[in-house]
Structures are given as structure tokens and as C-alpha cells.
Amino acid sequence: MPGTTYTQHALTLPSYPRGSHLITSDITSQLSTPLKDVKVGLLHLFLQHTSCALSLNENWDSDVRKDMSDSLDKIVVEDKAGKGIYRHDAEGSDDMP
């Protein structure tokens, strides 16, 4: 039985506007070379941005991402008037909805 291998890599994702975005190709393209010989494994993703989230959804129908974005927009409304309705605003208004 081969030994267990651990590896860690920092990935950079492009900036995306508010919404739900498919990032599979961004991740796999950056990991394809360092992990080319891995057949089975476990991937942990750590997002270092406080107002970013990661969800795992099926991807057969692109409406899933639209539905997720619509639902999140109803839960976390955009502060269009700039009234400071969120506690987390230390990084400026562009950091929060």
C-alpha cells in the first residue's frame, strides 16, 4: 500500500460580480499539474474572503445557480441606499451587498 501524500496549494480565483458562479474549471486548471498522478483524494477549500461562500450544487441545469442567487438576494438584500445595514463593512461598500 503506497504511503499517504499530502499537498497544499494556494489558488487564485478571478473576481466575479455578486451571484453564484461555477468555479470548477478555475480550480481544476490550477491543480491539474500538481495532482496529475492522484487517482483518489479529498479536496479541502478554504476561502480567505469574509463575504464569499462556497456551495456544492448539481450542475446539470444552469437554472440551479440562478435559483441560488435569487434566493440569496432575498435573504441578504443589497444596501443600495448605503445606510449601513450590515455590521461587516470595514472593507467598504463594495464588500457587502
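We will begin with the whole chain and then select residues one by one.

**Before you click**

This is a predicted model, in which local features need pLDDT of at least 70 and side-chain atom pairs count only at pLDDT 80 or more, while totals for chains, interfaces and linings use all residues. Residues are numbered from 1 along each chain as its sequence is written, and side-chain values use heavy atoms, leaving out hydrogens and water.

**Stop 1: the whole protein**

Show the cartoon view: the protein has two helices and zero strands. Both terms refer to DSSP runs, with helices being H or I of at least four residues and strands being E of at least two, numbered from the N terminus. The protein is more spread out than a compact globule, because its radius of gyration is 17 Å, well over the 13 Å that the globule rule gives for 97 residues. That radius is taken over C-alpha atoms, and the rule is 2.2 Å times the number of residues to the power 0.38. Along the principal axes, the C-alpha atoms fill a box of roughly 60 × 35 × 20 Å.

How much of the protein is buried? Buried residues make up 9% of the 97 residues. Here buried means under 20% relative accessible area, exposed means over 50%, and partly exposed is in between (1.4 Å probe, protein chains only).

**Stop 2: helix α1**

Select residues 24-31, which form α1. Look for Asp26, Ile27 and Leu31, which are buried in this helix. Turn the view to look down the axis of α1: its buried residues fall within an arc of 115°, so they line one face of the helix. The arc is that of the directions from the helix axis to the C-beta atoms.

Next, pick Thr28, also in α1. Thr28 counts as partly exposed, at 45% relative accessibility.

**Stop 3: the loop**

Follow the chain to Pro34, in the loop between α1 (24-31) and α2 (63-75). Pro34 is partly exposed, with a relative accessible area of 40%.

**Stop 4: helix α2**

Move on to Ser69, which lies in α2. Is Ser69 buried or exposed? At 14% relative accessibility, Ser69 counts as buried. Which residues does Ser69 touch, not counting those up to four places away in sequence? They are Gly19 and Ser20, where contact means heavy atoms within 4.5 Å.

Asp73 is partly exposed, with a relative accessible area of 35%. Asp73 and Gly19 are 54 residues apart in sequence, yet 8.5 Å apart in space, C-alpha to C-alpha.
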